[in-house]
Each structure stands twice: as structure tokens, then as C-alpha cells.
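Open the structure in your viewer and follow the stops below. Each one says what to select and what is there.

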Amino acid sequence: MNGTRSYGRVFAFPLWPESGTEMRHFLSTADWSRTELQALLDRARALKAGASCASLQGQSIALLFFNPSLRTRTSFDIGARQLGGHAIVLDAKGATWPMEFSDGTIMDGDAEEHVREAARVLSRYVDLIAIRCFPKFENWQTEREDPMITAFARHATVPVINMETIVHPCQELALMLALQERLGSVKGKTFLLTWVPHPKPLNTAVANSAILIASKFGMNVRMLVPDPVYRLDDRYMDAAQRFAGEEGGSFEMTTDVEAAYSGADAVYAKSWGALPFYGNWGGEAQYRAKGAGFMIDEAKMAMTNNAVVSHCLPMRRNVKIADAVVDSPNFLGIEEAENRLHVQKAVMEALSHQSRS
Amino acid sequence: MNGTRSYGRVFAFPLWPESGTEMRHFLSTADWSRTELQALLDRARALKAGASCASLQGQSIALLFFNPSLRTRTSFDIGARQLGGHAIVLDAKGATWPMEFSDGTIMDGDAEEHVREAARVLSRYVDLIAIRCFPKFENWQTEREDPMITAFARHATVPVINMETIVHPCQELALMLALQERLGSVKGKTFLLTWVPHPKPLNTAVANSAILIASKFGMNVRMLVPDPVYRLDDRYMDAAQRFAGEEGGSFEMTTDVEAAYSGADAVYAKSWGALPFYGNWGGEAQYRAKGAGFMIDEAKMAMTNNAVVSHCLPMRRNVKIADAVVDSPNFLGIEEAENRLHVQKAVMEALSHQSRS
Amino acid sequence: MNGTRSYGRVFAFPLWPESGTEMRHFLSTADWSRTELQALLDRARALKAGASCASLQGQSIALLFFNPSLRTRTSFDIGARQLGGHAIVLDAKGATWPMEFSDGTIMDGDAEEHVREAARVLSRYVDLIAIRCFPKFENWQTEREDPMITAFARHATVPVINMETIVHPCQELALMLALQERLGSVKGKTFLLTWVPHPKPLNTAVANSAILIASKFGMNVRMLVPDPVYRLDDRYMDAAQRFAGEEGGSFEMTTDVEAAYSGADAVYAKSWGALPFYGNWGGEAQYRAKGAGFMIDEAKMAMTNNAVVSHCLPMRRNVKIADAVVDSPNFLGIEEAENRLHVQKAVMEALSHQSRS
């Protein structure tokens, strides 16, 4: 760690204009400008096209998982390796110790370790720390602060990357790269985020992320929900509104299926639980029932502008999206998943770059 | 992935005569000719003797485990590394999502992900996919089709390797290499597969595999069981009979311990559950009791032609094989286990070779 | 494995004067002389300062965990990688098979595999085996023999490293390196091991280790306990007494808090269960209650000679050590944890070195 090495700058312009500024993490795309995000996407596209760069030579990244993963652990591990680095996978459930993140706690409960120690020690061993930590579905008021990853970012002395908490910024970049590959410039195109059925109430992370990234890139963003109780947290609704204003797009929520699909250029599926019933889901059933017909099928797709369609994986077929749509050429979920590899390499490079300058 | 690189051909003749033919997987030795298998064994022997080759340089293999493993994960990981490549271990129980493999299913049960997506996405990240997926002991009629790994092979766009499902082809090669090391040519030698006791009814994979590989290499194969209900699936019984005919060996099943051991050159131990009681084992007890004395011990070994003796690991001592036999010089289970490393390197090379040509 | 390679000797003098002697493991610092241990520390300091050496090039280490780990798996994996080698992490709970270590057992219980096979097979795949196996808290008379790791050391044909069983020798080296970095020579300095509260009775490993290493380096060792029932096993008490005699230090156990802290140069915290109640903890409560005030706080630290203070991690804040002490400049727990990386690299090098000579 912290050796002095140099390697070619891979970004066309410095992502961080001044050295000596505070260390930057990749916790949410909301903290990054559209220009910076586009630089990451451009770099990802070059890496996908075969650019090779040993930009993590001799460096390591710890991948800390509090929740399961297939694509994320594989793509980060392979990506680090392709950049000459080394990834360590740590399963925080079972393989390591339960962790406390609140300050001043008398730790006489389950937690054997405090993030203050875990983050500082990992920072002595590795050059980057990536964390997946889903909310616990107990109390949105505290969990909306993303306490575990923010504690890590506060105490770590190396950059921290979000592998999905209450947002999923790596997925956002992968989606945007796939959209740009298919649609060219996305500015002014119509992006529909549609709630879809699922047996269980799920995390809002990917929904939050979808409206953040689409609005940030100037798309006209529609959010289709079975009922207004599916409104996302104000933080993300307000940010999408603000980005729309800044970038010349629009943002609206609707419960009208036909209006939502009509003329859409991209359809993105996600299921999530309604926040008013967070952690106490009994009362949500009546609203959930209103979305029983929200699966994406050929009839709905016929209303669009021959839209591309996607979903972050895993995805339940014939529950969220019908086989005929998934297996059509308009589906770009596989490309989006592949792009995880490339955008994450760009993110690791950029952050690692920073930590050396 | 899929960059264009070249490296020296490591096989004396092309394993696949024509380019452009369908991609080949390593799912069962039954799909490979004896000549092809011998080429893999010869290459494994060269690798064991110290031949080094960066034949997986820049490539990766995903090791997907639905069941536990010690030797398999270690030997594949080390093997990939020794060839210049990189292995990713994915625990499909716990660390990733439950998976569906049937087509057209409405995925409203436990499975969060379909093999169609998992296989295609992994194929974008890695160059080889290896899978361990034991049968569930619910319904042999469906499980005999090996549905998970065949679904992966159907949907993956990179070669798939079997790390044990209802057959265990890597173990077969490791065994055959160990037999050739000890016995020289095995053609015409007598190979005894004997059922041995175990507290639980087990998977038939290694038993199926043992009769496949021994018959394919022209051995006189005897299968000793406590009762004819321990007959293996017709697919394997018929294949062994056919291979015996093609290669000049023989294949027979017997319940006569003395006749089975008499003059044997190699004794291979395995316990398995009787298929007629598959998933509903209550009725098997009376037949299982007939094999109570089937543990391999010195008295039985004395009837052989100073036979070598082996068992795939793990192995319960003094239940399947007596300590005195395991600790005798005739035991080749440790060599067989070591050979897993070498034969798997040959398999990875061969399949990877194909995917680049 | 076992190729013939040479690399520069990294130790100033041979750790093993004669070749051909029995293979040496790193199971307990009690088996190593102070001079040998200092050589490991000196090498660790050089590695920490940036010395680079591909001393594990082409080699592998298996990390076998019967219990959870954060620092240990990360530091061994990164360390092996930094030396050019490759680590394999094996979770013995869940990911591999239950293991038997007693000889002659009829293995008709849970264990599917005997250490005799596991150790010999792993030795064919890798160059070093590291094991974490905590006691089971059932019967100290058998568990004090450390049966799993000693069985591995007996049957493996490569060196075995202790990643914590009933002692924790890597932690000892990391602690001693941190002490030397802060205090210079530790000979004649006063080292206090203090029992501290914890909700559960814990393993004595780190306590045993603390008195071994401090006494071996000539410190005046005090062991503060709430009651004499917290006396450690005679093996470690006697060794500490003997080392104190040999190295010119002292060793004493006390229940007097003020006397213990008075003038101490280093304070080390650890909680453990009293051996007379091992596995049957009900009767321990009354003695445990006597230590309710034993948490390290600023008042106690004020009695010391401005002592450094540490704890192996994980550590419960405000139960074992108060926040004000942990967050003071006197706390060296983070440095001790970082040193795990460096000392383990030295140990891997030293043992690997041996296995090649």
C-alpha cells in the first residue's frame, strides 16, 4: 500500500482540479457532475474496446459484502485483476464479525467490531474499499442516511466505492453506457422507470438510482407507479427534478400506464416497497394489488417508440418482464450487466488515480 | 474477454478437427473419444512433470459451487493461476441468488434469477465456467437430465466444465492418470468398483463415472453391489457395456464378493443410494443391510492381484475402507487427488484453446 | 508445487542451521528462540519499509478457516500476493467437509473427511497451509492439546502456520513489532495484560500469547485478573515464568488494579473465560462480576508511565476499552493490526524458504 508509483494518466482532464483536496469516494452519482460521469463512461467505453492499463498494478481492493452478489463480486474481482490489481472478497455475514457504526455506543450487543477500527485497518491493507450493504427494512428514517457506508467513508483513509446500499451508482453507469451504446446521445429522449410486480417488497436503491442518472443526463424521465404511495424518498425525487431543470429534461410521476409507455425510448423495470409501509408491510398489500398488471409485456412495449428495455439483474422472468420482451433484441440487460465490468474499472482507476496524486 | 491472443498449441493433434464447429464443453467423458481423453491425460502428465505454459494468460474461470468442496475449489483455483489465469469462486448457496433453469417459468417462487441471464452474463465476464451441482434427491427422472449444468451449457457462450453433478468427469481423468502411473497400460486389467457402506444414501455420480472411464479404457470392469437394486442408471450401464464392446473389455455386475475381488488389479470404493428408493429412502434399509460387510479390508484385498485401491475424497475411514488398507502402499487416493490439479489444467487448456481458435 | 527455484536469502543468518532437519511449522512462538523471533521482526520491519521480494513467486498458501476472520484473511491474502504468491481461502464451516482428526476412528458420525487425507492432499496443491481453529469450549483437557492443527502439522508435508487456535502467534509478532516501534527496546519495560469485561466467556488464545511474547522479550509482565480463577493454563504460566528467568524479566499475576497499572509501559486488554468453568460457564458469573470495573479508562491509564495501550481486533468499544483511550495517541491497536500483514509476510517467507532449501 501507498508505494510511490506512476502510470499514465488515463483521463483526458483531471477529475480533481487541485491536489490536496479532500479524498473523494464513489458513494452516489449525485456527488459527481455530469461532465465527470461522462468522463468515466468514456473511459469505460475505451476499456471495453480493449484498452489495457495496469493502473492498479500492485494495488488491492477489499470487496465487503453484507448481502449476496453474483455479478458484482465477479465483475469487481475480474476488473481489478485486468487492471493488474488484486481483489479480496469479504463476506460480512458469517465470514467476518458483526459491525457497529454508531459513535459512542457501549458495544455490549451483537457487534464485535466498530467500523472505526475495521475501516482504518482495511485502509492499512488495501488501496480501495468497496461495500455492499442493503438497508435492513427496519426504520427508513435512520436507514436513509446510509449509516454503514458513510461510516466507512468517514473513517477509511482510502477511497470507498458503493456496490449498492440505498443507491447503486455502478449500476447507473452501466445502464447509461448501455443506453448511449444503443441510443447515441440520450439527451431529450424519454426514459420510463416502471414499477413492476415482485413477491416481496424490495429495496428502492435501483429505482432511486435510475431517476438520478436519467435526469442527470437530460432525459425526459417518467416514473410509473401503481399508486402515489410508491413515491421515492424526497431526496431522490427532488434531485431528479433539479437535474431535469439543470440539464433541460423533465421529471414526472404517473399512475397512467398508457401515458407512461406512450412514445418512450427506454423502459427500465424495478420493483420496490412503498416507503410509508417500510418494515411493516402489511398495509401495503392493497396498493401492491393495483400494480398486478404492471409486468412489462409485448402489448405495453407496442405503445413505445420501439424502446429499448432493461432491468438490473437478477430478474424474475414472467413476473417483472415477459419472456417475449426479455428475449427480444430490444432487451439490453445483458449489455448493462457486462458494462458493470467496464464502468467499475473506470471508477477504480479514477479513485486510485486520485489516491496516488 | 475474447481478446485475440495466440500461444503455442499444447496438444499434439487438434482436439477439434474443424474450426467453426459447435462449441464443446466438458460435461461427461461419454462425449469424448478415448483418443481425445488420452490426449488430455498425456498433457496432464506433462504438466505434472513440470511443463509450464501461460495458456490461460489474461483469462478467467468462474467456479460456481452449489455444494461444498475442498479439493475441487483449491485445485481449480491453483491450476488456473499456474496457467497464468484467474479463478473466481462463487458460492451459489448463500453468496449468490437462487437460480431457475426451466424455460417459460413464472418466477414467483424462491429463484431470483434465471440461468439464461446468469450464464450469458458470466460469459461476458469470464472465459470458462465450471459448475458443481449435486442432484437434490427429489426425483431421479428429472434430475437424471442434469438440468442445471445443461441449462448453463445451452445458454453460456463460453465452455462449461463439470465439477460434479450426476457424473464427475474430472475425477475420472484423475483416477485414470493414477491408474496409468501405477499399472502402465490398463487395457485388459481388471477394475472392481465396489459399493461400500456409508451412513447416508449418496449421489451416484462417482460410481457412474468409474464404470464409464474404466470401460472406455478397455478394462474388464466388475461392479460389486449388495443387491441388484444398486444397479446404476441404464444410461451408464449401457454405455459401459458399449464401451467394453468397442474397446475389447468386459462389464458385469455381481453380488458375489469373492468372485468380484478375485484377481482384481484395481479396486475402487464408492457408496451410493439405490435408485428405486431415490428421495424416499425408507425402503432401502433392508438392501443396505446386505452390504454391511462390504468395507474394503485386508482380507478382501488378499484375494486380489495385489491390487491398487482408491476412493475419491472425502472418505470415511473404517467405514468405507479400513485404516490398514488406506495406509498401505497400494492406496492411490492421494495421487488421484493430486492428479485433479493436473488433469483440470489440461481440460482448461483444451477448452480455452478451442474458444480462441 | 515443489518446483526447483532459487531466490535470494532474505534473512541475515540461517534460521535453520542444518538442512535435512525436521520441517518446522509456526504453531507457537514457544517453539522459536528469541533470536529467531527477532529475525522475523527485523524482516517484517524491512518489508513494512518497502522492501520487496518475490519470495513466494509461483507458490500458494491455503488459508483454512474453521472460524470467522476479517484481518487475518485479508492480511494473509494480500501478503501472499505482495510476495508474488497466491492464497486460497477455504471456509471449513459450510464450504468444505466436516473433519475428523483422531486416529483409528470409525468415521460414522458427522465428519466426512480425515485430516490425514486433507493435509496430505492440500500439501500436493499448495506450499504452505495456514489454519484458524478455535477451541469448541467443550473439554479443555482435550482441547488444550490443539488437536486439529497438530494433526495437520503431523500429516502435512508442507509447513503449517497458526492463524489462531489456543494461541495466536502471528498476533504476538504484530504486537511485539508495534511495541518495539513505539518503545524501542522492550527489555525491562513493564507489560500489563489486563482481563477486561465482555458479554461472553472467550478463548484464552490471545491472553496465552501475550504473556508468552512479552516474557520472551524480557519484559516485566503483570497479569491482572478479577480473581485467581482466571489463571491461564499451567503450560503458559510456567513458560512465561521460565522465559522471564531466561531473559531477565519477571512474571506475576495480581488482582490489585492499582498495583497492576502503576508505572506500566504497555497495557494490553483481553477478555477470557475462567478455565475451571470451561464449557460449563454458569458458575463463572460470580467471578466475572468482580471484573465489572476492569474496562480500561482514562483514570486507570493515568496511573501508568504514559503507557501505550492495545488490543487485538475485533474490540468492543466502551466495554473493554473506553472511547477516550482508544482514540488517544497512546492506542496502538491499528498499528498492531497493520503489522499482521508485515510479520505474516516474514513468516511465510521464512517457512517457504525452509521448504525449498
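**Stop 1: chain B against chain C**

Begin at this interface, where 5 salt bridges are counted between chain B and chain C. The model is a predicted one. For one of these bridges, select B:R316 and C:E112: their side chains meet with N and O 3.0 Å apart. Polar contacts come next: 14 residue pairs between chain B and chain C, both members at pLDDT 80 or more.

Now colour chain B by secondary structure. On the side that touches chain C, the elements giving two or more residues are α2 (71–82), α12 (323–326) and α13 (333–356) of chain B. By class, the side of chain B that touches chain C holds 13 nonpolar, 6 polar and 13 charged residues.

Chain B brings 32 residues and chain C brings 34. About 2900 Å² is buried between chain B and chain C, with carbon and sulfur atoms giving 57%. Select B:L70, B:R317 and B:I334: they supply 22% of the area that chain B buries against chain C, more than any other three residues.

**Stop 2: chain C against chain A**

Move to the interface of chain C and chain A. How many salt bridges does the rule find across it? There are 5 between chain C and chain A. Select C:R71 and A:E113 to see a salt bridge between side chains, 2.8 Å from N to O. The interface of chain C and chain A also has 13 residue pairs in polar contact, both residues at pLDDT 80 or more.

Which elements of chain C give two or more residues to the side touching chain A? They are α2 (71–82), α12 (323–326) and α13 (333–356) of chain C. Highlight α2(C), which gives the most, 8 residues. Colour that side of chain C by class: 13 nonpolar, 6 polar and 13 charged residues.

In the contact as a whole, 32 residues come from chain C and 34 from chain A. Chain C and chain A bury about 2900 Å² between them, and 57% of this is on carbon and sulfur atoms.

**Stop 3: inside chain A**

Hide the other chains. Colour chain A in two parts: domain 1 (29–167 + 339–356) and domain 2 (171–336). The centres of domain 1 and domain 2 of chain A, taken over C-alpha atoms, are 25 Å apart.

Select the residues in contact: 31 from domain 1 of chain A and 34 from domain 2 of chain A. The area buried between domain 1 and domain 2 of chain A is about 2700 Å², with 56% from carbon and sulfur atoms. Pick A:F137, A:W140 and A:N339 in domain 1: they lose the most area to domain 2, together 26% of what the domain 1 side buries.

The rule finds 4 salt bridges across this domain interface. Look also at A:D233 and A:R144, a salt bridge whose closest N and O atoms are 2.7 Å apart. On the domain 1 side, α1 (34–48), α4 (140–143) and α13 (333–356) of chain A each supply at least two residues. Highlight α1(A), which gives the most, with 8 residues.

**Stop 4: an aromatic pair in chain B**

Show all chains again. Over all of them, the structure holds 27 aromatic pairs. Select B:W195 and B:Y230, a tilted pair: 5.1 Å centre to centre, with 50° between the planes. Trace the chain from B:W195 in strand β7 (residues 190–195) to B:Y230 in the loop between β8 (220–224) and α8 (234–247) of chain B. The pair links distant parts of the chain, 35 residues apart.

Definitions and conventions. Residues are numbered from 1 along each chain as its sequence is written. Chains are lettered from A and ligands numbered from 1 in the order in which they are written. This is a predicted model: local features need pLDDT of at least 70, side-chain atom pairs count only at pLDDT 80 or more; totals for chains, interfaces and linings use all residues. Side-chain values use heavy atoms; hydrogens and water are left out. Domain bounds come from an automatic or database domain assignment. Contact means heavy atoms within 4.5 Å. Buried area is the accessible area (1.4 Å probe) that two parts lose on being put together, summed over both. Helices (H or I, at least four residues) and strands (E, at least two) are DSSP runs, numbered from the N terminus. Rings of Phe, Tyr and Trp (its six-membered ring) pair if their centres lie within 6.5 Å; planes under 30 degrees apart count as stacked, over 60 as edge-to-face and the rest as tilted. A polar contact is a pair of N or O atoms within 3.5 Å; within protein, one must be able to donate a hydrogen and the other to accept it, and residues adjacent in sequence count only if both atoms are side-chain atoms. Ala, Val, Leu, Ile, Met, Phe, Trp, Tyr, Cys and Pro count as nonpolar, Asp, Glu, Lys and Arg as charged, and the others, Gly among them, as polar.
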